[in-house]
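Work through the exercises below with the sequence and the model side by side. Try each task before you read its solution.

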Amino acid sequence: MVNTSLLFQGAEILYSMSAPYAKVGSDFPLETRLLMSNASSIEFQQQRKLEGELLVALARNRSTPARRALVEAVTEIPEAADEQTSQRERKLMFDILRRLVHEAEMVVRRTISLRLAEMEDAPRDLVRVLANDKIEIAYPILTKSGVLDDEDLIEVIEHRTFEHQLAVAIRSNVSETVSDALVDTADKNVIKCLLQNTTSEISRATMEYLVEQSEREDIFREPLVRRQDLGRDLAERMFLWVSRSLREVIVEDWDLDERTVERLITDAGKRTWKETDTAEERQNKAQQLAVSLDEQGLLTQESMMQIGRA
């Protein structure tokens with residue numbers, strides 16, 4: 001549960017800020033007076049209720065000392081139930097946090113988010129509230145929390161900001177369904193981020209679509225080529241329009257034999273000048289391709305003959 005000594009410090013802060021207007025023992029809030037007297041005789045349930053009231057009181061107080069005390073108290077929350085923290089205590093703790101996320105300022109909500117992002121038993125409703133908060137607060141939840149399901153993530157993708165979409169794109173083991181939602185945003189940077197996430201799952205249909213888009217969008221080319229789940233056939237298709245360095249990656253990663261490379265070179269040459277009108281322009285394009293392939297170490301006698309015939 002929340003560290004009582006930290007709550008005691010918080011009570012002292014509230015007490016000191018109320019003076020000289022409050023009368024000790026009468027006008028000061030009941031929960032604070034009881035905590036300051038150590039309240040050892042209070043029953044468990046009542047004690048936890050008072051702790052919650054004090055945390056909420058600290059959340060409503062915008063002073064720097066109160067904010068510091070609240071952050072420290074929340075930071076003390078354990079990630080899982082242990083010998084000192086029962087399931088009942090954790091339930092009460094989560095009830096307190098539900099109140100805090102609506103009362104506390106950003107620095108406290110971010111601290112709560114950081115703590116809950118690591119908790120497997122964090123309440124889904126509380127996690128969802130934080131996931132839809134400002135990105136500074138939502139980021140730890142969106143990138144780490146295993147409590148959120150695909151439906152929650154898609155809701156964030158469709159209704160929150162570009163920064164929220166990026167945060168979802170870099171989380172581990174993004175499902176095919178969530179990947180489709182990210183691609184549907186049509187944001188190039190979000191899609192690039194998804195492709196660079198090697199743990200993300202991307203369906204065959206979506207991969208084919210992105211390969212097709214990469215002919216026009218060079219921002220997709222390198223992250224696509226470097227994905228192990230691209231598929232040899234799609235890699236060969238991309239060979240026709242990617243850079244020299246990426247062609248070398250394709251040849252090496254997919255262990256393309258000489259005959260396949262020569263076929264792809266020929267196809268690339270045909271694409272280069274397929275819309276050229278004159279024989280002279282076709283010849284110039286062929287010479288440029290030959291020089292480029294020679295620089296890459298891919299030019300062979302057979303490929304030279306194929307280029308000449310194209």
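**Exercise 1.** Find the partner of Glu-118 in a salt bridge, and say where the two residues sit.

Solution. Start with the rule: a salt bridge is a side-chain nitrogen of Lys or Arg within 4 Å of a carboxyl oxygen of Asp or Glu. Glu-118 pairs with Lys-144; their closest N and O atoms are 3.5 Å apart. Glu-118 is in the loop between helix H6 (106–116) and helix H7 (124–131), while Lys-144 belongs to helix H8 (residues 135–144). The pair links distant parts of the chain, 26 residues apart. Helices here are DSSP runs (H or I, at least four residues), numbered from the N terminus.

This is a predicted model, in which local features need pLDDT of at least 70 and side-chain atom pairs count only at pLDDT 80 or more, while totals for chains, interfaces and linings use all residues. Residues are numbered from 1 along each chain as its sequence is written, and side-chain values use heavy atoms, with hydrogens and water left out.

**Exercise 2.** Classify Glu-118 and Lys-144 as buried, partly exposed or exposed.

Solution. Take the cut-offs first: buried means under 20% relative accessible area, exposed over 50%, partly exposed in between (1.4 Å probe, protein chains only). Glu-118 has 38% relative accessibility, so it is partly exposed. Lys-144 has 54%, so it is exposed.

**Exercise 3.** Describe the salt bridge between Asp-233 and Arg-204.

Solution. The closest N and O atoms of Asp-233 and Arg-204 are 2.4 Å apart. Asp-233 lies in helix H15 (residues 232–239) and Arg-204 in helix H13 (residues 204–214), so the pair, 29 residues apart, links distant parts of the chain. Asp-233, at 39%, is partly exposed. Arg-204, at 40%, is partly exposed too.

**Exercise 4.** Which residues form a network of salt bridges, and how do H7 and H9 meet?

Solution. The network links Arg-124, Arg-128, Asp-149, Asp-152 and Glu-155. Now compare the axes, which are lines fitted to C-alpha atoms over the stretch in contact; angles run from 0 to 180 degrees between N-to-C directions. The axes of H7 and helix H9 (residues 150–159) come within 11 Å and cross at roughly 20°. H7 is therefore roughly parallel to H9 (angles under 35 degrees count as such). Now list the contacts, meaning heavy atoms within 4.5 Å. H7 gives Arg-124, Arg-128 and Ala-131; H9 gives Glu-151, Asp-152, Glu-155 and Val-156. Sort them by class: 2 are nonpolar, none is polar and 5 are charged. Nonpolar covers Ala, Val, Leu, Ile, Met, Phe, Trp, Tyr, Cys and Pro; charged covers Asp, Glu, Lys and Arg; polar covers the others, Gly among them.

**Exercise 5.** Which residues of H10 are buried, and what do they pack against?

Solution. In helix H10 (residues 162–169), His-164, Gln-165, Ala-167, Val-168 and Ala-169 are buried. The buried residues of H10 pack against H7, H8, H9, helix H11 (176–184) and helix H12 (188–196).

**Exercise 6.** Examine the phi angles of Asn-173 and Asp-255.

Solution. Recall that most residues other than glycine have a negative phi. Asn-173 has a positive phi, near 55°. Asn-173 is in the loop between H10 and H11 and is exposed at 57%. Asp-255 also has a positive phi, about 50°. Its loop joins helix H16 (244–253) and helix H17 (258–273). Asp-255 is exposed, at 63%.

Terms used. Angles under 35 degrees count as roughly parallel, over 145 as roughly antiparallel, 65 to 115 as roughly perpendicular and the rest as oblique.
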